[in-house]
Amino acid sequence: MKKILLILLIIIVFYALKQLVYKPYAWKKAINTPEHKLQLGSFIFSKQRGHNGSQSFENKYFIFKVTEINGDYVRLSVIRQLSQPDKLLQSDFSTTKDSYNNLKENIRSITITPILSEDLYKGDASYIINDYLLEKYPVLATSRYYYEDLPEDRKKPILSNNPDELNNYFNMVYSKKEIIKNGKLVPYTLNYNNEIQLSQQISENIDLILNCRVLSQK
């Protein structure tokens, strides 16, 4: 019995050292390399724990594109696929484990098109590849992967106290400091007094940051 307890204690100690010492060290070392540093255009991979509609939880997989860095504000956009006409797939709207791993391995060879948000609502139907999108973004004929982008005039911090404008700006905006220091996605939100705050309670861990320009030079 004592041997079993000793083995369990050793396992717990090693796990604690891994989580509290090794992982933070490895993250800080990686974030300072050109391949994994946070910058405009970076891809951020995140495995997140989500409720599956029953009493249990399951992993959800997200891949983000960094579309704006303004001081501590980092705006992200989710990588998705446009659906084909008359062929809606769940994988077009959420990333499966297989596609997540595939993109981690092949992100530098896959074309991912920035599409202005308003363009996704034009044409025959929303979020479906159509003649309008193909004409404006011909590269979509090669790959249906995309991320929503904003025009430059909307990538400026809102100075207004209007709650709607603030909510609109801080949608998908995270803390640069938290990403670099702790490897976490901590969003900016508005509290009940419409004051901007960091919401640590809904933070998510980052799995990996990749920069394709650096990768393509290897």
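The entries below go from the ground rules to aromatic rings, then a sheet, a helix and the core.

**Ground rules.** I am working with a predicted model, where local features need pLDDT of at least 70, side-chain atom pairs count only at pLDDT 80 or more, and totals for chains, interfaces and linings use all residues. Residues are numbered from 1 along each chain as its sequence is written, and side-chain values use heavy atoms, with hydrogens and water left out.

**Aromatic pairs.** How many aromatic pairs does a search of the whole structure find? I got eight. For the record, rings of Phe, Tyr and Trp (its six-membered ring) pair if their centres lie within 6.5 Å; planes under 30 degrees apart are stacked, over 60 edge-to-face, and the rest tilted.

I looked up Y73 and Y169, an edge-to-face pair with 6.2 Å between centres and 65° between planes. Y73 belongs to strand β3 (residues 73–78) and Y169 to helix α5 (residues 163–169), so this pair ties together parts 96 residues apart in sequence. My helices (H or I, at least four residues) and strands (E, at least two) are DSSP runs, numbered from the N terminus.

Y169 counts as buried because its relative accessibility is 2%. I use buried for under 20% relative accessible area, exposed for over 50%, and partly exposed for in between (1.4 Å probe, protein chains only).

Next came F170 and Y188, a tilted pair at 6.0 Å centre to centre and 45° between the planes. F170 sits in the loop between α5 and β7 (173–175) and Y188 in strand β9 (residues 188–190), so the pair links parts 18 residues apart in sequence. Both F170 and Y188 are buried. Y73, Y169, F170 and Y188 make up one aromatic cluster.

What lies over the face of Y169? I found R75, at 4.7 Å from the ring centre. The test asks for NZ of Lys or CZ of Arg within 6 Å of the ring centre and within 35 degrees of the ring normal. I also checked K176, in helix α6 (residues 176–182), and at 30% relative accessibility K176 counts as partly exposed. K176 and Y73 are 103 residues apart in sequence, yet 6.1 Å apart in space, C-alpha to C-alpha.

**A sheet.** Three strands form an open sheet in the order β4-β6-β5, with mixed pairing. Strands pair if DSSP finds at least two bridges between them. The edge strands are β4 (80–81) and β5 (113–116), each pairing on one side only. β4 and β6 (residues 145–149) pair in the antiparallel sense over two bridges, and I noted Q81 opposite Y145 in β6.

**Helix α3.** In α3, I found S99, Y100 and L103 buried. Down the helix axis, these buried residues fall within an arc of 105°, so they line one face of the helix; the arc is that of the directions from the helix axis to the C-beta atoms. On the other side of α3, K97, D98 and E105 are exposed.

**The core.** Of its 14 residues, L38, I44, L76, I179, L185, I206 and I209 touch the most other members. The elements giving two or more residues are α1 (2–31), β2 (57–70) and β3, and β3 gives the most, with three residues.

Methods
Core = buried A, V, L, I, M, F, W, Y, C linked by side-chain atoms within 4.5 Å.
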